[in-house]
Amino acid sequence: MKTKQLIWESPDGWDHFEGEDINAQLVLFFGSTDILAESDPYEKLKEKYPNATLVGCTTAGEIIGDEVYDDSIVATAIEFEKTQFQAVSLLMEENMESYSAGKKLSKQLEKEGLKFVFIISDGQKVNGTDLVNGMRSVLGDEVILTGGLAGDGGRFEKTLVSCNTAPEEDRVAIIGFYGDAIQVGHGSMGGWDPFGPSRKITKSSSNILYELDGKPALQLYKEYLGEKAEELPGSALLFPLMIKPEDQNESGLVRTILSVDEETQSMTFAGDVPEAYEAQLMMANFDHLVDGASQAAEYARFESFQDTDDPSLAILISCVGRKMVLGQRIGDEVESVKDIMGENTRQIGFYSYGEISPHVEVGHCQLHNQTMTITLIKENV
Amino acid sequence: MHKLLERQIKKLKRKSADGSLPVEKLLEVISQTYEESDEERRKNERSMKLMSEEVMALNKQIQEESETYVSTITGSVIDGIITFCHKGLVQSINESAEHIFKITSDEKQGSSINEFTTDGEPSFLEIFDSHFDGQSDPSPMETFAQDQEGRIFPIDLSISKIETSGEAVYIAIVRDISTRKEFQRALITAKEEAERMATAKTNFLSNMSHEIRTPMNAVIGLTNILLQEEPRQDQIDSLKALKFSGENLLVLINDILDYNKIESGKLEFEKIDFGLKDIVQSINKGLGVKAEKKKIKLDFVLGQGVPRVIMGDPTRLTQILNNLVGNAIKFTEKGSVTLDIQLEEKVNDDLWLNFRVIDTGIGIPEDKLDHIFESFTQTNSTITRKYGGTGLGLAITKRLLELQGSEIKVSSKEDVGSTFYFTLKVGVSKKKVKDLHNLAEEEGLLRTFNGEKILLVEDNKVNQIVASRFLKKWGLSMDIADNGKIATELVQENEYMLVLMDLQMPEMDGYTATKVIRQMDGEKFEKLPIIALTASALALTRIKVKETGMDGHVSKPFKPVELNHKIAKFLHGDRRTVE
């Protein structure tokens, strides 16, 4: 497997970032909404790799190498030696359920030899939890699912996804990888610290949260945000919500906010917030977040990548919330991942509105929020 | 250099066209970092503050919830619960306690627990120290409390002490037991009343027996004398009928007294050797005539292996069998009455004998079978009119057997007949029939005396006459004292070999007279035999007789043989039969 990395930073177009020229079959690209919305970058990439499948999305920050960029596009072209892949996508129609979208897409994939599916999805309309569950219902838990929801900076207005098409809203794309050659590692960790009292979700509907302990959830967030309340919904990322079934000791899931509705005093999250679950606010400690990223990297390397230095590609999908909290220190987490990955692993990725990966404890695939989620791939030749 | 600054410089250098460091831009980035840092600090401070507030509010809520929980529980119990501190100041008081102590004011907290007890009585705190402190499992104590209206009432009280946050808290649990106490008092009163009634009954019976026996004594005694004094031929039948009726009346009275004795638990059983045949003979002697008159066959069966001599209480056994056979004859118009005695079992020195009294009489209706052993019950009132009797016979029989560990049973069919049966445990005797008969013969002999002088103390003129006739006949000389007082004077003036002392007399009764005599100077007064003549058959009387210092007793109306032997015991008279 060979990779070449490019960056679009100025109106000048695509610049070389790292790697030799290759005959790529697949190109992954991630960029800020403003730049990707223009037709130029996509067309120019298509010109560079006319025979390749192009899959990409908008972000809340781009990752390449050990650095984080804003207002750029990063791309990695991949040339496989043995591995086959199949990319399919669909546009979310009006009133389409995320669960059935996941099912529909998965059904289009050839099942024979399917080992791993990478997901790049719209980040505004899609309920990530439902999408993943729909896919699992078709693919089962043997196939590894990873990926993320597209981002839109801190704006939460529109996200674009491309799959051999110009980037557009409402698109969901998945790529299935086949054969024994491809090796996949994955890790997903948060590093957030729960704080304050444990609350009960007393009113919710799928991914919309109305009340905690019988009081409007939005009011609680506003109190904690103080002056930052004006920057809602983005600023709510400072306080992700940890949820878990009542009286269970497992670490629980972290949910990040997508939008707020003043009228109903509700908040929409990137995943389900079931009633009767316990919920607890979380806050960031810089060191703990960076440690979380390191741990995700350790997990990703854990089996197939232990003690090898084969050329690999690490796809880092980290949460927009982490970027907002870490601010200028965001580079620390990418660097800490790079330190663990080593010289021969190239890194690409983006800050997203939701990460998809098997849960490190539960095992099956879930939507995560506020995590650093790493997908590590290489080919055994 | 700080890692972040290092990265910031590297990034800026990368972006600049010539690779130099744009200072303006660097400062801008650094300033932004400071701002982010400030913002972060403010966010953390705010979160800390809000979180503390929330935790405090939660704390308060939990505390309130637990207080509500506790007060809901204490509010719903019947017992009054009062908590107070080591100074005796009330901390809390539940609804029941408010009700018990009639507390109406809202100022419950801080009032003194002394208000719950009467002045001068120990307070709850003192009661705890003296009664409950250190007890691992103390039971509630009964004491008195006082309510706000001044009413003093009985309570069950238990007090425990707990430590909360290093402070001692006392918990008093109070239950108003006024109602329970009232019930107890009513019960005690009822019991005392019942006991008083029972004593009155005993005394009444004792008095009645005296009152009845005294004239009976005269009637039977004089009849006996008349019969002995060669009456005219035309008078003999009347005298015999008079004697029969008198004796019959005495049996009835004895029944009543026996029953009283049994009911008051004052009955003891003898264990002496006796011949079964003698019992049978005595029953035959007593009831044979009756059977003969009704033309009923009276049969006695002594089964194989039944010992001739056994150990037990012959008097009571005779009484039981007499009663059953007598009843059988009474209720049988034709056919037979059979007393059947069989050996059931013999283990070492114990014998189990089965007694059956079988008749061909009127029988007992099935629905009455269960009731015939109850006191004062006959199957119906017409029976009483037709057959007479007290209705106590079977009840006495039943109780007499029960007291000997046996049970009477009956099987009966109307117009066919009845069988009464029981199994009695008796002892094996080592004596032979011959030994018994010598004894019996000897006992039947009357002794004569040689003019020894005795004192008869008796207030009843008729009794005086009856007794003196017999005594003179046996060769005794006597003085008569009309009451105890005269007796005490006479014993000092004369030398008597023996005193027959009636008990109930005017002026001075027999007990007092005996005490006075025993206290007189001289050994002779101490040793002078005094025999009580008692109309009362009650055991209590016998005990009292013994306690007073009398040497024996003879019940009135006396059987001549018994009186003769008692006197002989002290005077050693000659052995001779007197007709």
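Trainee: Which residues are buried in H10(B)?
Mentor: Keep in mind that this is a predicted model, in which local features need pLDDT of at least 70, side-chain atom pairs count only at pLDDT 80 or more, and totals for chains, interfaces and linings use all residues. Residues are numbered from 1 along each chain as its sequence is written, while chains are lettered from A and ligands numbered from 1 in the order in which they are written. The buried ones in H10(B) are Gly393(B), Leu394(B), Ala395(B), Ile396(B), Thr397(B), Lys398(B), Arg399(B), Leu400(B) and Leu401(B). Buried means that 20 or more other C-beta atoms, placed from the backbone, lie within 10 Å of the residue's own, with exposed at 12 or fewer and partly exposed in between.

Trainee: Why call H10(B) largely enclosed?
Mentor: Because nine of the eleven residues of H10(B) are buried. Their cover includes H6, helix H8 (314-330) and strand E12 (417-428) of chain B; helices (H or I, at least four residues) and strands (E, at least two) are DSSP runs numbered from the N terminus.

Trainee: At what angle do H6(B) and H10(B) pack?
Mentor: Helix H6 (residues 233-263) and helix H10 (residues 393-403) of chain B pack at about 35°, with their axes 10 Å apart. Axes here are lines fitted to C-alpha atoms, for helices over the stretch in contact, and angles run from 0 to 180 degrees between N-to-C directions. The H6(B)-H10(B) crossing is left-handed, a label for a near helix turned anticlockwise from the far one by less than a right angle, with right-handed for clockwise.

Trainee: And which residues make that contact?
Mentor: H6(B) contributes Asp255(B), Asp258(B), Tyr259(B) and Ile262(B), and H10(B) contributes Gly393(B), Ala395(B), Ile396(B), Arg399(B) and Leu400(B), where contact means C-beta atoms, placed from the backbone, within 7 Å. By class, the contact of H6(B) with H10(B) holds five nonpolar, one polar and three charged residues; Ala, Val, Leu, Ile, Met, Phe, Trp, Tyr, Cys and Pro count as nonpolar, Asp, Glu, Lys and Arg as charged, and the others, Gly among them, as polar.

Trainee: What about H1(B) and H2(B), how do they cross?
Mentor: The axes of helix H1 (residues 3-15) and helix H2 (residues 23-76) of chain B come within 10 Å and cross at roughly 145°, and that crossing is right-handed. Leu4(B), Gln8(B), Ile9(B) and Leu12(B) of H1(B) meet Lys25(B), Leu26(B), Val29(B) and Thr33(B) of H2(B).

Trainee: What is Leu316(A) in contact with?
Mentor: Leaving aside neighbours within four places in sequence, Leu316(A) contacts Ile63(A), Val334(A), Val337(A), Gln347(A), Gly349(A), Met372(A) and Ile374(A). Val334(A) and Val337(A) are among the buried residues of H8(A), a helix spanning residues 331-341 with eight of its eleven residues buried.

Trainee: There's a six-stranded sheet too; in what order do its strands run?
Mentor: The open sheet is ordered E8-E12-E9-E10-E25-E26 (chain A), with mixed pairing, and two strands count as paired if DSSP finds at least two bridges between them. Its edge strands are E8 and strand E26 (365-368) of chain A. Strand E25 (residues 354-358) of chain A pairs with E26(A) in the antiparallel sense over four bridges, and Glu355(A) stands opposite His368(A) in E26(A).

Trainee: Is Asn95(A) buried or exposed?
Mentor: Asn95(A) is exposed, with 5 other C-beta atoms within 10 Å, and has a positive phi near 70° although it is not a glycine. Phe156(A), also not a glycine, has a positive phi of about 60°, but Phe156(A) counts as buried because it has 23 C-beta neighbours inside 10 Å.

Definitions and conventions
Two residues are in contact if their C-beta atoms, placed from the backbone, lie within 7 Å.
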